[in-house]
Amino acid sequence: MEEMIRIERLEKRFGNNPPVLRGIDLAFQQGEAACIIGPSGSGKSTLLRCINLLERPSAGRVLYRGQDVALLPPQVLHARVGMVFQQFNLFENMSALNNCVAGQRKALGRSRHDSEQKALYYLEQVGMLPYRDARPRQLSGGQKQRVAIARALCMDPDVLLFDEPTSALDPEMVDEVLRVMADLRQRGLTMLIVTHEMAFARDAADRVIFMDEGLVVEDGPPGQLFTAPQNARTAAFLARSLRG
Amino acid sequence: MPTTFFGWVAFLIARYGDLFLRGAGVTMLIAGVGTVAGFAIELGVAIVRTARLSAGAGPLRRGALAAAKAMLSVYIEVFRGTPMIVQAMVVYYGALEYLGLDIPAMAAAFLVVSVNTGAYMAEIVRGGILSVDAGQKEAATAVGMTHWQAMTAVILPQAVRNIMPSVGNEFVVNIKDSSVLNVISVTELYFMSKSAAGTYWKYFEVFFITSVVYFVLTFTVTRLLRLVERRLSGGDSYTVYGSQSHTPAEIKVPLAP
C-alpha cells in the first residue's frame, strides 16, 4: 500500500485570528476512504482545502506521494488530487458534458474526442448521461453534485477530496450522491470526505477522524469510533449527532 | 432662401444630408471600434489584475506581476482622471511635435476612445468578475486550470453576460462623447454639423438635426444591445430535469474500474 497523502504539523490561521488548524499530522494510504467529522468550525474544510492548496498552510506541509504539494506544478497537483465542493460549483456557462471536458482539455491537453469519451463514460456511471447537454441551472442539487463528481473523476485523480458533498442537498437527494460515493470506494480511489452524514461515515468509511478546535481528537476504524469512542469530546459529539 | 424653421431644416437636410450621414458613420465607427477595443483591453487588464501567483513562484515573476499591476493602475487612474478632449489634444499634438509622427486624426481618435473606454470599463469588469461566485474560480483551479484558462473559459464568459448592460451604456456614452474629437478635426457628426452650420449661419436648425441624428443612433444601439443581452442570457423557458418524477437519471451501479 502506497502512502498517498501525508500531512505534517499543518497549521493554518487567517490574518490575526486564532488558528483554525493547530498542528495536524495524518497519513492516508492508497484506496483508503476516510471520513472527517467534527463540529462546525473545527477546521475540517480548511484541512481539506490546504491539501490541494486552495488555502496556503501557515506552517507545516502536505506531501502527495512523498512530494511537497507546494513544489508540484499546480496543474499536476490538481489533476491528481481532485475536489468535490459543498456548493457543487459546476461551471454555470457550460453544459454537463463540457463541465467534464473543460479540465481535461485545458489541464491535461487531451483531445476533444478523448475528453468527450471519458466524460460520457463517467456521466453514465453517475447516471447523468441523459442530461449531458443540460445547463447546471436546469439540474437539481443532487444531479449537479453527481455531475461534479463525474467532472472530478474525468481527471483520473488518485485522491478525491469531498468537502461536505451532501450538506447543501435536500434530504431526498442525499442518498443518490452517497450511493455514487460508496461505489467509488470499490475502485481503489483514495477518498477524504468531510461530512455530517454519520450513517455514511459509519457504514462506508474505512476510517473516521474526529476533529475539534483545529486538532485531530480521535482517529480510528468506524466500528471503534462509533461504538467505543476513546475521547470524551468524541463521545459527546457523537451522542449529539446520532440522536439527531 | 427658406423663411420658416422647418423650411430651413428641410433645406439643410437636402443640402447637407450626406454630410450628416457621413458624420454619423464616422461617429458610429469611432464609438464602435472604441467600445469593442476598449472592452478587449479591459478584459486583458482584468485578467492581469486578478492574477495570483502560486506559492512556488520565484521573486522574478512576483516582481514582474507587481510591476504590471502598478502600471495598469496608473493607466486606469490617469485616463479616468483626465477629460477625453484633453487626451485627444495631448496624443495628437504630442505625437506630432515630440515624436515627429503625423498620425491621421482617425487613428488618434480610435486610440484615444479605446484607451479611454478601457480605463472606464476597469471598474465595470471588476464588478462583473466579483458578481461571479468565487466557487467558480476554485472549481476551475481544482480541475487544474491556470489563471488564464479559468478566466477565459469560466469567469469572463459569465462576467461579460452580467455586465452587458454597462457595456451598452459605455457604447452610448462613446457615441455622444466622440463629439469632442472635433478638436483634432476628426470628421465625425459634430464636426460635420459645425461645418454645415457655418455656411448659412444656421446653428439652431443644424444642431436640431444633429441632435435628432444622435438620438436615433443611441436609441437604435440601445435596442440592438437589448437583443444581444437576451441572446446571451439564453431563452426564458428551459426544461428543469431535476424533479422527483423524472426517472431517466438513474444511477448505474456498480462503477466498473
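1. Helices (H or I, at least four residues) and strands (E, at least two) are DSSP runs, numbered from the N terminus. This is a predicted model: local features need pLDDT of at least 70, side-chain atom pairs count only at pLDDT 80 or more, and totals for chains, interfaces and linings use all residues. Residues are numbered from 1 along each chain as its sequence is written, chains are lettered from A and ligands numbered from 1 in the order in which they are written, and side-chain values use heavy atoms, without hydrogens and water.

2. Confidence in chain A. pLDDT is the predictor's confidence in each residue, from 0 to 100. Chain A has a mean of 92, and 100% of its residues reach 70 or more. Within chain A, helix 6 (residues 171–185) is lowest, at a mean of 86. Strand 6 (residues 81–84) is highest, at 96.

3. Make-up of chain B. Chain B has eight helices and zero strands. Of its 257 residues, 42% count as buried (buried is under 20% relative accessible area, exposed over 50%, partly exposed in between; 1.4 Å probe, protein chains only). G23(B) sits in helix 1 (residues 5–49) of chain B. G23(B) is buried, at 0% relative accessibility. Its C-alpha atom is 6.1 Å from that of T187(B), 164 residues away along the chain.

4. Helix 6 (residues 147–177) of chain B has 31 residues, yet its end C-alpha atoms are only 35 Å apart. A straight helix would reach 45 Å at 1.5 Å a residue (the expected span is 1.5 Å times one less than the number of residues). The helix bends by about 55° at I163(B), and P165(B), a proline, follows within four residues. The bend is the angle between axes fitted to the seven residues ending at a residue and the seven starting there.

5. Salt bridges. A salt bridge is a side-chain nitrogen of Lys or Arg within 4 Å of a carboxyl oxygen of Asp or Glu. R80(A) and D158(A) form one, at 3.5 Å from N to O. This pair links distant parts of the chain, 78 residues apart: R80(A) is in helix 2 (residues 74–80) of chain A, and D158(A) is in the loop between helix 5 (141–153) and strand 7 (159–163) of chain A. R80(A) is partly exposed, at 28% relative accessible area, whereas D158(A) is buried, at 15%.
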